Amino acid sequence: MQWWSDFMAWLMQFESLAVCFLLGMYVMHLTYNLKIYNDDLSYPALWYHLGFLVPLLFSLVVLFPLGLVELTTVQAFSAPDQEVLHTIISEVRQAHTDLVFIQHQVTGLGSSSTETSEGRAKALLLHANGGDDTVKRMDLMGLLVSIDVHLTKERALGVFDLVDQEHEAGVTRSKSLVLKVKNCLEDAIDIQVPIDDLLDSARKAKMDIK
């Protein structure tokens with residue numbers, strides 16, 4: 001699989017380069033010939049333009065990115081880059097540690113029970129978020145300040161991604177129709193996770209440490 005993944009990576013590079021050369025040939029030669037010999041064509045010139053451009057653009061814009069995703073998935077298991085792998089592991093561990101700290105701050109809000117502390121933390125987060133029960137990815141760093149959690153931008157994004165991945169399957173089933181529509185509209189700008197999922201991941205992270 002490692003040999004095949006390397007070979008396919010080379011083959012995809014060759015294919016994309018060939019498509020770019022064909023597009024260059026279309027711009028430099030085919031458009032000129034269609035313009036000069038327009039009266040001698042059996043079909044309208046538009047059909048020739050579409051017949052040449054559509055396959056090339058479909059290959060370059062659709063097939064190549066999809067193939068790149070599949071190739072990356074295979075290489076992640078068959079020939080992983082050790083530097084990238086260690087970086088990802090470090091980021092996940094840091095995000096897990098930050099979730100534990102978030103749970104520590106939640107339990108330190110002065111309430112006697114975990115449920116009461118989480119309820120108070122949720123109320124503070126909701127107030128800081130303008131009453132919205134979902135947190136956008138780029139807003140998490142500023143929102144955590146309301147419960148006295150100060151993270152850098154990169155660490156806050158790592159926490160968000162970890163929470164999002166952990167609840168990805170369950171959230172899709174439990175979302176209300178209104179929340180699904182809202183998320184579809186907002187996903188064009190930024191993705192978001194419910195505040196309940198953030199608190200749930202923090203609680204689970206603290207339990208994992210124990």
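A search of the whole structure, which is a predicted model, finds six aromatic pairs; rings of Phe, Tyr and Trp (its six-membered ring) pair if their centres lie within 6.5 Å, and planes under 30 degrees apart count as stacked, over 60 as edge-to-face and the rest as tilted. The pair of Tyr-26 and Phe-52 is stacked, because the ring centres are 5.6 Å apart and the planes stand at 15°. Tyr-26 belongs to helix H1 (residues 2-36) and Phe-52 to helix H2 (residues 45-78), so the pair ties together parts that are 26 residues apart in sequence. Helices (H or I, at least four residues) and strands (E, at least two) are DSSP runs, numbered from the N terminus. Tyr-26 is buried, with a relative accessible area of 11%, while Phe-52, at 22%, counts as partly exposed; buried means under 20% relative accessible area, exposed over 50% and partly exposed in between (1.4 Å probe, protein chains only). One aromatic cluster is formed by Trp-3, Trp-4, Phe-7, Trp-10 and Phe-14.

Residues are numbered from 1 along each chain as its sequence is written.

The largest pocket has a volume of about 220 Å³. A pocket is an open set of points on a 1 Å grid over the protein atoms alone, where a 1.4 Å probe fits, with protein on both sides within 12 Å along at least five of seven lines; lining residues have an atom within 4 Å of a point. Helix H3 (82-107) and helix H6 (153-166) are the elements that give two or more residues to this lining, and H6 provides the largest share, five residues. Among the lining residues are Glu-91, Arg-137, Glu-154 and Asp-161. By class, the lining has five nonpolar, one polar and four charged residues.

Two loop residues follow. Asn-129 sits between helix H4 (114-128) and strand E1 (134-136) and is buried, at 18% relative accessible area. A polar atom of the Asn-129 side chain lies 2.8 Å from the backbone oxygen of Asp-132. Beyond neighbours within four places in sequence, Asn-129 is in contact (heavy atoms within 4.5 Å) with Thr-134, Val-135 and Leu-143.

Asp-148 is in the loop between helix H5 (140-144) and H6. Its phi is near 65°, a positive value in a residue other than glycine. Most residues other than glycine have a negative phi. Asp-148 counts as partly exposed, at 45% relative accessibility.

Terms used
This is a predicted model: local features need pLDDT of at least 70, side-chain atom pairs count only at pLDDT 80 or more; totals for chains, interfaces and linings use all residues. Side-chain values use heavy atoms; hydrogens and water are left out. Grid points are joined across faces, edges and corners, and a volume is the space filled by probe spheres set on the points. Ala, Val, Leu, Ile, Met, Phe, Trp, Tyr, Cys and Pro count as nonpolar, Asp, Glu, Lys and Arg as charged, and the others, Gly among them, as polar. A polar contact is a pair of N or O atoms within 3.5 Å; within protein, one must be able to donate a hydrogen and the other to accept it, and residues adjacent in sequence count only if both atoms are side-chain atoms.
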